[in-house]
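Subject: Structure handover

Hi,

Here is the structure I said I would pass on. Have a look at it first, and then read my notes below.

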Amino acid sequence: MIIAHTIKDIMRMIKDRKALLIILLMPAVLTILLGASVGKLMNGSSKISSIPIAIVDQTSPASLDDPSIQSFITQGESPINSPQEDIEFVSLFLNEVLENKEVKNLIDYQVLSIDEAMQLLDANKITAVITFPESFNQDVLQAMVMSSPKQVQVQMKQNPNEGLQNEIVKGLVQSYTNQLSKNVITKNTIVQLMNDNAPIRKELGESMEEAMNQSFSSDRKEFYTERKSLQGLTSINGIQYYTAGMAVMFMLYLASYAGLYVKDEMRMHTFQRIRASKSSIWDVLVGRFLSALCLSFSQLVILFSVSKLLFSISWGNVWALLLIMLVSSIGVASLAICISVFTLHTPKVDITNIFQSVLIPFLAMLGGSFISTATLPEIIQEIGNNIINGASLQAFVGVMQGVPIQQLSGSIIAVLLNGVVFLIISAFLVFRKKEVF
Amino acid sequence: MFLEIRDLHKKFHKHCAVQNVNLSIDKGEVLGLLGPNGAGKSTTISMISTLLLPTDGDILFKETSVVEKPQQIRDILGYVPQEIALYPEFTALENLHFFAKMYKVPRKNRVDRIQEVLQLVGLTDRATEKIETYSGGMKRRLNIACALVHKPELLILDEPTVGIDPQSRNHILQMVKQLSKDGMTIIYTSHYMEEVEFLCDRIAIMDNGEIIALGTKEALTNVVEQQDVMTIRAIPVKTTFKEQIEQLEDVTYVNCKDNSYDIGIKQGADLLPEVFTIAQNLEVRILHVEVKTPRLEDVFLYLTGKTLRDA
Ligand SMILES: Nc1ncnc2c1ncn2[C@@H]1O[C@H](COP(=O)(O)OP(=O)(O)O)[C@@H](O)[C@H]1O
Ligand SMILES: [Mg+2]
């Protein structure tokens, strides 16, 4: 019986050519248009062009003479000498991170004085200024040597107009400083440090050796995944972003069609006929939930497949992508139920129309379907990333960037919570108006 | 008692669509519900079909309130809405299959039952066509077929013949007659007197939400037995003519449409000379005069002073 409703609903949509145009053709066309125009802005390539940033190096050399380090190293033994050479973590950042082949595609850097850098930033010539403060080297060294590491601080000034790019730079710097804080840069650095400074190697080396070896393998891996996700970021292009952006926007349209079909069934009186039969309202609603689920899932699969076929976009992990599609479809199906029940409850209000013409564009904007939410004020960003389409979009983009699925659980839960809220509202409306239900 | 309606009321906001309706229907009976548009027939039927809750009163199906236990009557009910309640983008077969599932017709009987009802409504040849392509009459017939797939005990038809060709109408009337012969209990709503006269054992006449007469065809015509109806055609049309005839003793009502006047007169009274005098004084020319004994058609006129069609 429930399946009969599901099949009927699916067949109605499949036979509804206008609906198909809106939920499949429109998002595909918009993806191409938006993706292509954004691609053009990005110097004609569909890849995000390299991001210009400035590095300001205000550091002074680190010294092992620092009293806290001395006391840590000596611990009753003879004091050691200052290192012969400066320990330069900034050049490490430049050489190891920014000169990395993958990152180089993404980021264009120049080392400038603070004044020059700020001038360029004000003139919108660069996206961000990364300033290494004077105490940076010392902080890092301390972090490496001490058992309770100090958080290493780097200052970042960003151009507020460059949402997505800012995120990339921020992510990059964060991953670097995190690694520094965790005592892990590369084995070479440590070894070099040890070589330059025999006493340290002897005294410090032994005490750290064990910890290093223990943590190195796992942390190294983590550093690697961070790098990999940066690499993933480089390949998220306009088409990819808008495939997800339009898919999550038009899945809302699909949900709104539930309301349209309910209204139609009330107008044609087939709904009355069903209600006077042996089928209960719950059969109707569960049937509709399943049909919306199937339709939404198919819609997402089709839209991502079209982009894959036409532009051979990268999907990231296919299973992760399918999981996000399923989760999103559950959210959409719940929304479809909510709209259906509202239509039955208050037929005079044309909820489908309001939803399609006012709410969807608004939600799409808020959720980042047109421009990345990173450009919006933080509080709005927070809302945008937690509404059904915004959270879905975050998850889809994450998957395509190669972010592991565990790290996307926040977005997934947000989508499902949206669904729960829709279902609670539906149940409330059903119990409030017994005559219809 | 198969179905019993007690003091049924339905208010929409302040407007009383149905009031004081009391009816009972025996198993196997065909009850006609007759009344002009807006009389409250569909509202009454919707309450019996559990689609609307009564504002007051109750409907008992086999002694159980359908308000409290709607599922009991739904299980044996075939409801044919006044509208074409079908999915226009589906074929007749698809529609029938869907509603058969709604009525839980067992899978193994489904195909046979669907073929039977298609035969019954004469649509076997067109069964695989989308019903968008159907004529009004064919849609009406399929509309009924969808309510018959599960062999209902009680069939409720709400104006099943509005706006269709005489052939389809005839087909439907014959079909309902046959279903009744096979033992189905039927409530048939219409504003066509002839249909109700042809089909129904008992007739309830509704107007303004109330039942104004209820009984067998014979009992109802008895109400107007003491009446004759004189029909006059006269030109030109003058309201004074109508008014002066109404003034006459022994005239119970005058109903005027175009140049035709239906005049209710006491049986045996001879009013012809008076009518001709009035006509002469007003310079109205009488073209045609006819005096007949009343039919069911005239009952409504007698009770409400209006014909079913102008109401
Ligand atoms: N849902 C409704 N809301 C408000 N008024 C209604 C509604 N349904 C019917 N009515 C009113 O109730 C009266 C009876 O309508 P209905 O039962 O459809 O008459 P019938 O079927 O005899 O033509 C009409 O005046 C109609 O306008
Ligand atoms: Mg009606």
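Keep in mind that this is a predicted model. I'll begin with a cavity in chain A. About 70 Å³ of space lies in the second largest cavity. Its lining is made up of Pro27(A), Ala28(A), Thr31(A), Ile32(A), Thr243(A), Met246(A), Ala247(A), Leu303(A), Val306(A), Ser307(A), Leu310(A) and Phe311(A). Helix H2 (17-41), H11 and H13 of chain A are the elements that give two or more residues to that lining. Which helix gives the most to it? That is H13(A), with 5 residues. Sorted by class, the lining of the second largest cavity has 9 nonpolar residues, 3 polar ones and no charged ones.

Stepping back, a search of the whole structure turns up 4 cavities of 30 Å³ or more. The idea behind such a search is simple: rolling a probe the size of a water molecule over the atoms shows where empty space is left.

The largest cavity holds about 90 Å³ of space. To find it, go to Asp9(A), Met13(A), Leu254(A), Ala255(A), Tyr257(A), Ala258(A), Tyr261(A), Arg288(A), Ser291(A), Ala292(A), Leu295(A) and Ala336(A), which line it. Three elements of chain A each supply at least two residues of this lining: helix H1 (2-14), helix H11 (238-268) and helix H13 (281-311). Here H11(A) gives the most, with 5 residues. By class, the lining of the largest cavity has 9 nonpolar, 1 polar and 2 charged residues.

Now for chain B. This chain has 11 helices and 14 strands, and 52% of its 311 residues count as buried. Its C-alpha trace spans about 75 × 45 × 35 Å along the principal axes. The chain is divided into domain 1 (3-222) and domain 2 (228-293), and the C-alpha centres of these two domains of chain B lie 40 Å apart.

Which residues coordinate the magnesium ion (ligand 2)? They are Ser42(B), through OG, and Gln82(B), through OE1, at 1.9 to 2.2 Å. The pair links distant parts of the chain, 40 residues apart: Ser42(B) sits in helix H1 (residues 41-48) of chain B, while Gln82(B) is in the loop between strand E6 (77-80) and helix H3 (92-102) of chain B. Are these two residues buried, exposed or in between? Ser42(B) has a relative accessible area of 24%, so it counts as partly exposed. Gln82(B) is also partly exposed, with a relative accessible area of 24%.

E6(B) pairs in the parallel sense with strand E7 (residues 154-158) of chain B, over 4 bridges. In that pairing, Val80(B) stands opposite Leu157(B) in E7(B).

Strand E1 (residues 3-12) and strand E2 (residues 15-25) of chain B pair in the antiparallel sense over 7 bridges. Two places to check are Glu4(B), opposite Ser24(B) in E2(B), and Leu8(B), opposite Val21(B) in E2(B). E1(B) and E2(B) form a hairpin with 2 residues between them, and His13(B) in the turn has a positive phi of about 55°.

Both strands belong to an open sheet of 4 strands in chain B, in the order E2-E1-E4-E5, with antiparallel pairing. Why do E2 and strand E5 (64-65) of chain B each have one side without a neighbour in the sheet? They stand at the edges, each with a single partner strand, so one side of each is left without a neighbour.

At 1% relative accessibility, Leu31(B) counts as buried, because the cut-off for buried is under 20%. From Leu31(B) to Lys104(B), the C-alpha to C-alpha distance is 27 Å, and the two are 73 residues apart in sequence.

Best wishes

Methods:
Residues numbered from 1 in each chain as written. Chains lettered and ligands numbered in written order. Predicted model: local features only at pLDDT ≥ 70, side-chain atom pairs only at ≥ 80, totals over all residues. Heavy atoms only, no water. Donors = N, O, S within 2.8 Å, 3.2 Å for Na, K, Ca; no water. Buried < 20%, exposed > 50% of the residue type's maximum accessible area, 1.4 Å probe, protein only. Domains from an automatic or database assignment. 1 Å grid on protein atoms, 1.4 Å probe; cavity = no way out; pocket = protein on both sides within 12 Å on 5 of 7 lines; lining within 4 Å. Points joined across faces, edges and corners; volume = space filled by probe spheres on them. Nonpolar A, V, L, I, M, F, W, Y, C, P; charged D, E, K, R; others polar. Pairing = 2+ DSSP bridges.
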